[in-house]
Amino acid sequence: MNVYVSNIVMAALSFPLIAFVITIPYMVYQYRKFGSIPWLRTLVVYSFVFYLLCAYFLVLLPLPEDRTAIVPYAQTPQLVPFNFVHEFLAETSFSPSNPSTWLATLRDPYVYEAFFNVLLLVPLGMYLRYYFRRTWWQTLIIGFLVTLSFETTQLTGLWGLYEHPYRLFDVDDLMMNTLGAMVGFWMVGPAMRVLPDFRLVNEEAREAGMRASVTKRALSFLLDLLIAGFLGMLVGFGLAAAGLSGQETISVWTDRAVLLLCFVVVPVVTHGQTLGQKLLRLRIVRSDASRAHWYQFLARYGLLYLMIWAPFAALSGVVGLDPSTSGEMGAIVNFAAHNQTLLVWAWVVLMAAWGVSLLVRAVRSWRLKRPFVMLNGLISNTRIMTVAGVERERERRCVLDVADVAALERLIADDGTPLAELMERAGTAVADTVRLHVPDPAPVVVLAGAGNNGGDGWVAARALAEQDYPVTLITSDLAERIKAEPARSTALDVFADTAERDLPLRVLIAPDADVLIDAIDGAEAVVDAILGTGFAGDEVRPPYAAWIRAANRRRFEGSRGKGRGRHRKRALERGRHERGERRSAPMRAKDAPFTVAVDVPSGLSAQTGAAARPCLAADMTVTMLAYKPGLVATETNRWTGMVTLARLVDTKPYLAALGDELEDD
Ligand SMILES: NC(=O)C1=CN([C@@H]2O[C@H](COP(=O)(O)OP(=O)(O)OC[C@H]3O[C@@H](n4cnc5c(N)ncnc54)[C@H](OP(=O)(O)O)[C@@H]3O)[C@@H](O)[C@H]2O)[C@H](O)CC1
Ligand SMILES: [K+]
């Protein structure tokens, strides 16, 4: 027993070192893959590393005294399955019918070793299922391979490091370890219902990763300094080889050249990325996310260089250091040494001003939830954004009026991609969004209007049903009575497909209020494909108004089946959240379904952003082809939730043509 404990202590002692070594690569990998690093993931990954360390130490330690040691019992592999049961029965007085022998059994080495062998890989099975999302058979194979690696390491004497096996290769160990992995796999199953789902954690991390956090920027700067330091070292070797190593001025200027290369020349070549930023998918841009000029990189990093070194150099002058000892900033130091009183004051004032500005910028960024802006960024009019953030910002700047979107659609159709195909892609994009937020098949309600926005809804409904999501599509009329094209043919197509392929998709035509509310109450996701860019007026007509009210009620009040009925009824009568009379947006209910609006939330004018009565409140809006003016105004955020763009096609060439057309007009 003591051996187990001491091995775990050994693992705990070596863990900080391992953690230190893996942290930078881990952060770089996570930032590249997800953009941000949730604490939960770090906890899980580091605990997994610690567990592996414990497992290997338990299996491999203690090592024999010397390389040639022969451990007699370990020389012949034990290949008889269940040998430990025979040995146990042969050597003890255990009798199943005699309870007084049971307790002694637990203290028997054969029993507790088998127990520990099972226990050893229980966590592995848990991690494999919960974090790595492996199936049972993959867990079985991985569990077996891991235990095989333990046993072969023992058999080969740490892969040849020792001349003889120092522990017994035992098939019973293989079996018990693998069993342990499977026990872990089954045990974690029920817990996964309450544990956070890592697919959603990843999704949130991706969203949060759109921002260039302070940590991410600091890490990229650290990487750049490491790269510059390494290059500086190489140059140093070069200088030494050329016999120039002793010359201070040369080394000062080569250091500066290396910094210039890393922080100015490289960004010029890569259009705004130092190597560290490239690694972490960051980019230096102007404050409006447009491309920065070479002199801005120079200003940004030149200022930073001065901000880091000048105060120290000036201070050393002020405190009377010998200019010749302070190296590269000698001139400043020299000047400072001769104007001490003046400089002491100038220095104090500047530092105080800098401190105050730092505080102001920090409070501003915290209150407005905006990234922290560095002083050198402010002066050079540059900032660091994530590559994805730059992309999104640029997309959001390319806003098209609703009439222009229609013109764009025509251009695309004339070029050979018909509207029906665009509808197919639009609906698929919506279904993909639902699947990202509700990763396992669960009931979905699609509210489909009679226009082409509804057509997108029909496509999304089929795409989800194809992935085994039980879908209820609510429509106001029979598919054949839909007037808009290609919505009509698409709906007919989906209808026929559903019957033919027996998809889990039921269509409710003009359901009454109770049926509608029941369907929405049972849904994990709601797709709002009622009204899109074709909506007009400041009131939504029936039956859509009732659909929107039902979806909003479920979103803000929770499901009807879950108590608080009277309270909810009153709230519904007041209907304040629909009329937008509340100053602040109402709280989303905890159990609200994920609500995604197709193109624009129903009731919101895509052109002006004005909300009609009622207007649907979504968690996310997937808008097609281009952002519309009504979606980018911050006030509409409470209806749209986060807005993402589904490009459907590469719109760049068409946008250029459209631009020419608009100019001609
Ligand atoms: N942009 C693209 O690339 C694509 C967009 N698609 C989708 O199509 C819609 C636009 O479709 P459209 O048919 O032009 O219009 P809508 O479906 O948004 O709306 C038309 C229906 O709305 C009814 N309506 C209008 N005002 C009201 C109101 N105040 N109350 C109730 N109902 C209203 C209207 O009924 P009418 O009786 O007035 O005719 C129509 O039934 C776009 O948003 C995208 O989602 C395609 O997928 C292709 C690609
Ligand atoms: K909609």
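This is a predicted model: local features need pLDDT of at least 70, side-chain atom pairs count only at pLDDT 80 or more; totals for chains, interfaces and linings use all residues.
How do the residues of the lining of the second largest pocket divide into nonpolar, polar and charged? Hold that question for a moment.

The protein has 665 residues. Its secondary structure comes to 29 helices and nine strands. The radius of gyration is 33 Å, well over the 26 Å that the globule rule gives for 665 residues, so the protein is more spread out than a compact globule. The C-alpha trace spans about 100 × 90 × 50 Å along its principal axes. Buried residues make up 43% of the protein. Now take the contacts with a separation of 6 or more. Of these, 74% are between residues 24 or more positions apart.

Back to the pocket. The second largest pocket holds about 1,000 Å³ of space. Its lining counts 37 residues. They divide into 24 nonpolar, six polar and seven charged. That answers the opening question. Lying nearest the centre of this pocket are Y4, E113, N117, R167 and D173. Several helices supply at least two lining residues each, among them α1 (2-33), α2 (39-60) and α9 (171-191). Helix α5 gives the most, with eight residues.

Helix α7 (136-155) is another that supplies at least two residues of this lining. Look at T139, which lies in α7. Is T139 buried or exposed? Its relative accessibility is 0%, so T139 counts as buried. Leave aside residues up to four places away in sequence, and T139 still touches G125, L128, R134, A181, M182 and F185.

Next, find the potassium ion (ligand 2). Which residues coordinate the ion? They are N453, D528, L531, V598 and V600. N453 uses its OD1 atom, while D528, L531, V598 and V600 each use the atom O. The distances run from 2.6 to 3.0 Å. Along the sequence, the donor residues follow the spacing N-x74-D-x2-L-x66-V-x1-V. N453 and V600 link distant parts of the chain, 147 residues apart. N453 sits in helix α21 (residues 452-466). V600 sits in the loop between β7 (594-598) and β8 (620-624).

Why do N453 and V600 count as buried? The cut-off is under 20% relative accessible area. N453 is at 9% relative accessibility, so N453 counts as buried. V600 has a relative accessible area of 0%, so V600 is buried too.

Technical notes. Residues are numbered from 1 along each chain as its sequence is written. Chains are lettered from A and ligands numbered from 1 in the order in which they are written. Side-chain values use heavy atoms; hydrogens and water are left out. Donors are N, O and S atoms within 2.8 Å of the metal (3.2 Å for Na, K and Ca); water is not among the atoms, so sites may look incomplete. Helices (H or I, at least four residues) and strands (E, at least two) are DSSP runs, numbered from the N terminus. Buried means under 20% relative accessible area, exposed over 50%, partly exposed in between (1.4 Å probe, protein chains only). On a 1 Å grid over the protein atoms alone, a cavity is a set of points where a 1.4 Å probe fits but cannot get out, and a pocket is an open set with protein on both sides within 12 Å along at least five of seven lines; lining residues have an atom within 4 Å of a point. Grid points are joined across faces, edges and corners, and a volume is the space filled by probe spheres set on the points. Ala, Val, Leu, Ile, Met, Phe, Trp, Tyr, Cys and Pro count as nonpolar, Asp, Glu, Lys and Arg as charged, and the others, Gly among them, as polar. The radius of gyration is taken over C-alpha atoms; the globule rule is 2.2 Å times the number of residues to the power 0.38. Contact means heavy atoms within 4.5 Å.
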